[in-house]
Amino acid sequence: MMRPETEAELAELVAGAGGPLRVVGGGTRPIGAPVAGEALSVAGLAGVTLYEPGALTLVARAGTPLAEIEAALAAENQRLAFEPMDHRALLGTEGAPTVGGAVAVNASGPRRVQAGACRDALIGVRFVDGRGVAIKNGGRVMKNVTGYDLVKLMAGSHGTLGILSEVSLKVLPDVEAAATVTVSELDDARAVAAMAAGLGTPFEVSAAAHLPAPVAGTARTHFRLEGFGASVAYRAGRLCDALAPFGAAETETDAGRVADLWAGIRDVRPFAGSGGDVWRLSVKPSDAPGLVARLPEGARAIYDWGGGLVWAEVAPGTDLRAALGAFAGHATLIRAREATRAALPVFHPEPAPLAAIAKGLRAQFDPRGILNPGVMG
Amino acid sequence: MELPEPDPSILSKKDRVVERLREVMPARAVIDDPTETRAYECDALTAYRCAPMAAILPGSTEEVSAALRICHEEGVPVVPRGAGTSLAGGALPTADSVILGVARLNAVLETDYDNRIIRVQAGRTNLSVTGAVEEEGFFYAPDPSSQLACAISGNIAMNSGGAHCLKYGVTTNNLLGVTLVLMDGTVVELGGAHLDAAGYDWLGLICGSEGQLGVVTEATLRILPKPEGARPVLMGFDSSEVAGACVADIIKAGVLPVAIEFMDRPCIRATEAFAHAGYPDCEALLIVEVEGSPAEIDAQLSLITEIARRHDPVELRESGSDEESAKIWLGRKSAFGAMGQINDYMCLDGTIPVSALPLVLRRIGEMSTEYGLDVANVFHAGDGNMHPLILFDANKPGDLERCEAFGADILKLCVEVGGCLTGEHGVGIEKRDLMSTQFADADLDAQMRVKDVFDPGWLLNPAKVFPLAASAGRRTGRRAA
């Protein structure tokens with residue numbers, strides 16, 4: 001396995017590569033179609049290079065373990081607001097997730113509805129394109145419109161346009177307290193309506209998720225509130241009032257239990273170790289219950305992002321897009337056997353003009369087609 | 001600032017191009033009378049003017065598509081224009097270009113409170129987006145100073161920010177979907193009511209691309225529930241270093257104010273003379289605003305004032321009412337108007353790491369003496385987005401050039417300390433030729449390669465963003481082709 005220690009070495013290796021490369025960070029997120037190619041690990045490009053708590057910015061080399069970044073932030077009472085999903089339980093992988101990997105798949109957790117996705121926190125990148133040219137974009141300041149925003153383009157590009165060597169992130173203060181407000185026994189449509197009501201209040205709900213009965217035993221609709229202690233207590237009370245039309249709400253304030261519940265939702269733990277394929281649907285929240293109703297018999301679903309993100313677990317080999325028919329939004333196959341991921345498009349097929357632009361971009365940034373070829377279809 | 005020479009071969013086919021454009025939209029929507037095209041000769045960077053060959057005001061995505069297809073076939077450059085409020089010359093035409101104005105595209109297409117979105121035509125003004133949803137208790141977060149006039153299309157082109165983006169982010173963080181017309185007339189839908197993109201992050205790429213990749217005709221925007229309330233505290237300090245340290249301490253304490261605004265003494269004095277807001281005469285003034293219920297606001301403000309007291313403020317004024325809040329904001333909101341009363345001014349918007357604030361302010365002061373031009377600083381301190389206002393006299397020969405040289409030096413300083421040339425105004429023509437101070441050739445080439453894919457003929461807003469010399473081969477290549 002190639003393992004460069006500097007960006008210059010990385011550039012040299014890519015420039016001199018004789019064939020396809022399979023880019024690896026911590027190796028915990030094997031998402032996409034299977035890639036044949038020589039493994040190139042960026043784990044050697046590691047370390048936080050700049051952290052200014054007063055400016056809410058952190059810069060780290062792409063191979064830096066997320067755990068190291070989270071520890072550095074915790075020491076200053078700060079955090080990554082996009083709470084990146086840890087894919088290990090769901091995908092059955094081992095290793096240390098890296099910040100570059102989180103960026104490459106745009107891994108974003110339940111706080112997406114309030115604080116944005118990974119791409120929203122990403123303010124700068126350095127990467128090596130498929131020609132072996134080192135390129136920077138963005139920087140270390142959170143307001144920057146100087147030139148095109150290739151930072152966003154790199155987030156979620158799965159290493160197909162360039163290999164990340166360094167990323168800059170906007171971070172946020174950690175909170176003093178958190179609480180979960182839960183309403184029980186709602187059907188999916190009522191639950192999504194309740195989440196819309198909660199997210200429409202001024203109480204700064206930082207997450208809203210629904211675990212239907214087949215997943216949770218009893219259907220539970222959860223809302224998270226975060227902030228200063230007194231503030232969380234006040235908002236929890238007001239939120240319970242606002243949710244009264246949907247039933248009595250309970251409030252959990254134990255920090256450990258609140259954190260564990262949301263980490264479980266973030267990491268889709270209910271589907272960890274089960275045998276089915278797992279799809280990720282990004283939809284208009286109010287469309288979600290209708291789509292879930294169209295899932296094949298025996299499927300299970302989890303709603304996050306107020307219904308805007310649906311995790312669906314179906315029988316192995318199911319072509320979920322065929323089962324659902326056309327819908328506004330997109331479906332990504334996150335967990336399946338290699339044969340299924342090779343047979344079905346992992347990413348949602350794009351309209352022809354966009355597919356042509358995507359191909360054009362790859363031709364510009366990776367003219368030899370050696371960076372994770374085919375991983376995005 | 002150098003502007004490219006118009007292409008005589010394009011000018012010579014003006015009549016045919018205008019005639020063809022009139023076939024695809026109402027005749028009155030195609031403007032080619034030289035007295036009328038003068039209305040489009042500049043944007044808010046008024047020092048540079050050039051009337052376009054023609055201006056068109058299409059009324060639908062279909063008309064935009066048809067017009068772009070014609071200009072593509074004829075090889076005519078197109079300069080998209082929102083409300084013309086760009087401070088960077090983003091909508092400045094060339095004599096051989098067609099201005100594509102979106103003024104007629106101003107309808108609200110859909111409001112959806114359950115999914116917290118609004119879909120509008122892109123010519124709608126920023127403030128009127130909030131206006132369409134505020135009765136239901138919602139608002140659209142990005143709030144550039146020009147929000148009364150500026151259009152969503154321009155906000156998307158420049159990825160506009162505003163005073164409240166420390167908490168709510170800028171345009172790119174609040175944009176969920178667009179209808180985009182490519183230069184060849186192809187219409188594509190990017191995103192929609194869902195929260196994340198399929199495939200590459202097209203929306204992120206389009207946002208801030210200064211109208212060089214496509215023309216946005218419709219946008220789906222995220223709307224947010226209005227906070228229960230908001231109140232500011234005003235604090236004055238003896239030095240900008242102390243004010244900067246206070247900002248850092250507030251952020252490190254875990255408070256995330258919705259806005260942290262900074263003004264220096266020249267700015268305070270000018271606004272006092274103009275608006276009489278009752279500001280203290282001190283070196284540095286901060287306005288910090290927090291949101292929430294009355295009790296939550298009290299709690300946050302008491303934490304903030306406790307931090308401020310540790311920095312020996314010369315003034316500390318917590319707002320206790322809407323009236324007091326309005327008075328605290330009065331001076332800040334009239335700052336630009338106040339400076340305009342004194343003189344002509346140039347407004348820069350470089351961003352710096354917050355920690356570099358004292359150094360940068362000191363250096364700007366020194367340069368002000370060297371150039372013999374006054375400068376006032378007012379800016380968003382929480383995110384380091386500076387707004388130095390350089391005063392000059394447009395009627396005095398050489399003053400504009402001196403002012404531009406001073407401005408360029410300030411922006412180079414911003415880059416030197418780890419920041420960037422522009423935080424929210426965009427590059428346009430204004431900072432085009434400074435791009436090489438922030439980016440290496442390979443960095444600029446990577447960006448131009450993106451334009452090569454979306455607009456291979458380099459017809460959309462071609463002479464912007466990139467140094468003219470760097471883009472010359474690509475721009476003239478299309479004519480040879």
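Visitor: What makes the radius of gyration of chain A agree with that of a compact globule?

Guide: The radius of gyration is taken over C-alpha atoms, and the globule rule is 2.2 Å times the number of residues to the power 0.38. For 377 residues a compact globule would have a value near 21 Å, and chain A has 21 Å, so the two agree. The C-alpha trace of chain A spans about 65 × 50 × 35 Å along its principal axes. This is a predicted model, in which local features need pLDDT of at least 70 and side-chain atom pairs count only at pLDDT 80 or more, while totals for chains, interfaces and linings use all residues. Residues are numbered from 1 along each chain as its sequence is written, and chains are lettered from A and ligands numbered from 1 in the order in which they are written.

Visitor: How does the radius of gyration of chain B stand against the globule rule, and why?

Guide: Chain B has 481 residues, for which a compact globule would be near 23 Å; its radius of gyration is 23 Å, and therefore chain B agrees as well. Its C-alpha trace extends about 70 × 55 × 40 Å along the principal axes.

Visitor: What share of the residues in chain A is called buried?

Guide: A residue is buried if 20 or more other C-beta atoms lie within 10 Å of its own, exposed if 12 or fewer, and partly exposed in between, with C-beta atoms placed from the backbone. In chain A, 59% of the 377 residues are buried; in chain B, the share is 57% of 481 residues.

Visitor: What share of the contacts in chain A joins residues 24 or more positions apart?

Guide: Two residues are in contact if their C-beta atoms, placed from the backbone, lie within 7 Å. Of the contacts in chain A with a separation of 6 or more, 72% are between residues 24 or more positions apart. In chain B, 72% of the contacts between residues at least 6 apart in sequence join residues at least 24 apart.

Visitor: How many helices and strands does chain B contain?

Guide: Helices (H or I, at least four residues) and strands (E, at least two) are DSSP runs, numbered from the N terminus. By that rule chain B has 18 helices and 18 strands, and chain A has 15 helices and 17 strands.

Visitor: Why does one side of strand 15 and of strand 16 of chain B lack a neighbour in the sheet?

Guide: Two strands pair if DSSP finds at least two bridges between them. In chain B, 7 strands form an open antiparallel sheet in the order 15-12-14-13-17-18-16. Strand 15 (315–318) and strand 16 (344–347) of chain B are at the edges and each has a single partner strand, so one side of each has no neighbour in the sheet. Neighbouring strands of this sheet are turned by 15° against each other on average, direction ignored.

Visitor: How many bridges join strand 14 of chain B to strand 12 of chain B?

Guide: Strand 12 (residues 230–237) of chain B pairs with strand 14 of chain B in the antiparallel sense over 8 bridges. Within that strand 14, B:Leu285 stands opposite B:Gly236, and B:Val288 is the bridge partner of B:Val233. Strand 13 (residues 259–264) of chain B is also antiparallel to strand 14 of chain B, with 6 bridges; there, B:Met263 has B:Leu285 as its bridge partner.

Visitor: Which strands of chain B does helix 9 lie across?

Guide: Helix 9 (residues 240–252) of chain B lies across strands 12, 13 and 14 of chain B and runs at about 15° to strand 14. Such angles run from 0 to 180 degrees between N-to-C directions, with axes fitted to C-alpha atoms, for helices over the stretch in contact. Helix 12 (residues 322–333) of chain B lies across strands 12, 13, 14 and 15 of chain B, at about 55° to strand 12.

Visitor: How many residues does each chain bring to the contact?

Guide: Chain B brings 74 residues and chain A brings 68 residues. Helix 17 of chain B gives the most to the side of chain B that touches chain A, with 9 residues.
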